[in-house]
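Please open the model and keep the sequence beside it.

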Amino acid sequence: MSVYDVLIIGGGPGGSAAATFLARAGKRVLVLEKEHFPRFHIGESLLPYNQPIFEEMGVLPTLEAAGFTTKLGAQFHLGNSSKQIKLTFTNGKFTRAPKAFHVERSKFDDILLKHARTSGAEVREGWTVTKFTNEGAEVSIEARDENGVVEKFRGSFLIDASGRNNLTGNQEGLKVMDPKLKKFSIFGHFEDVKMGEGSKAGDILLIRLEHQWFWLIPLSPKKVSVGCVMDHAEFTRVKQTPADFFNRTWQSSSEMRERMKNAKLVGPIQSTSDFSYRNRRLFGPRLLRVGDAAGFMDPVFSSGVYIAMYSGRLAARSVLASLAAGDDGTRRFKSYEKTIIRAMDLYLEMIEGYYTRPFMELFMEPREKFRLPDAMVAILAGELEGGWKLDWRRRLFFWLVKIHARRPLVPGISFAEKS
């Protein structure tokens, strides 16, 4: 039976990041990935603060050469075209990373996993992990290959990057669903969608209807990812196919009609349940959970890949320090959990706000007072270590949202279409 310094379940962005950092530090690392890359995956818009992680991994030149679309900002529109706001990352006083990528995840994830392999990690694709066991000074996992052959692997530490499969969290019964964020997404790739021009050509567009919202992500000069998010209960209630619901919903919005009037579908319309959840614990004996194996959040602010890689990097650092100290890492893992929960809470507060009218009304009417817009831009770009200068501004913004809910501070918004 093979013995490794670190076992990693899953070869997505979080697992690849952790594997790269560990392997480049000279550790013996095994990554088991159940699929074969490249493979389709949703979550195609990244945050600027991914860029420093790419650079630290040594993979940034490869990604820059891959031809991915550069993302300089984000636009938020109401579905009736009555109001819009553009956030540009370089305009934020507190933002240290000015740009990001939009990516086709099949290509992007494949680049990251190949980079982990060339960095020295052993990567096995087509292996499904079925269970893990803590064995005191070691952790073991059982996995089977595509021929049904079962093998057991041992390691000093285990990193669960199994995504929404949530292998270790489900095995231990730790998963807790968020009752407010039971969403459903319908999406596809299109050509000839009307997007921005010039410096706005790479902006992600988020178009808010009263009960749904759309993303429009420019993957190339011709191809755009278009998705619709709604309450799962709403989709269940209408009893339509995903394609019919998707088409009916974009046709109900003047903003979407203008952008989709010449659109041509490339490939199938797909759908997935976006039920947000979190595991009650993000670590166990010699175990850390990263990315969606720690918790999954609604995709509205494109935080998924960034949180996965941010947690993957921090998990690798925690494990490296524990290997050097020769202990089980409990003290460091508690600190890891505290840091990742704080990051998730920060985005969760923004996500929950997005679905409320008072938040949207204040968000769509920025005021330069106290540099609140700069703080919000930094947070949405991925600034998780901004300290008090961001924290008090974020708290003030949400305090103003609460006041606005009772006594209006800015004009209200209407989602109604013009007659």
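The points below cover cavities, a pocket and a helix pair.

1. Ground rules. This is a predicted model, in which local features need pLDDT of at least 70 and side-chain atom pairs count only at pLDDT 80 or more, while totals for chains, interfaces and linings use all residues. Residues are numbered from 1 along each chain as its sequence is written, and side-chain values use heavy atoms, with hydrogens and water left out.

2. Cavities. The structure holds two cavities of 30 Å³ or more. On a 1 Å grid over the protein atoms alone, a cavity is a set of points where a 1.4 Å probe fits but cannot get out; lining residues have an atom within 4 Å of a point. A volume is the space filled by probe spheres set on the points, which are joined across faces, edges and corners.

3. The largest cavity. Its volume is about 120 Å³. Of its 13 lining residues, Lys 71, Ala 74, Phe 76, Phe 301 and Leu 380 lie nearest the centre. Strand 4 (73-78), strand 12 (204-208) and helix 12 each give two or more residues to this lining. Helices (H or I, at least four residues) and strands (E, at least two) are DSSP runs, numbered from the N terminus. The lining of the largest cavity has eleven nonpolar residues, one polar and one charged. Here Ala, Val, Leu, Ile, Met, Phe, Trp, Tyr, Cys and Pro count as nonpolar, Asp, Glu, Lys and Arg as charged, and the others, Gly among them, as polar.

4. The second largest cavity. It holds about 50 Å³ of space. Helix 13 gives the largest share of its lining, three residues. The lining of this cavity divides into four nonpolar, two polar and five charged residues.

5. The second largest pocket. A pocket is an open set of points with protein on both sides within 12 Å along at least five of seven lines. This one holds about 430 Å³ and is lined by 22 residues.

6. Helices 2 and 9. How do helix 2 (residues 50-57) and helix 9 (residues 304-325) cross? Their axes come within 10 Å and cross at roughly 40°. That makes helix 2 oblique to helix 9. Axes are lines fitted to C-alpha atoms, for helices over the stretch in contact (heavy atoms within 4.5 Å). Angles run from 0 to 180 degrees between N-to-C directions; under 35 is roughly parallel, over 145 roughly antiparallel, 65 to 115 roughly perpendicular, and the rest oblique.
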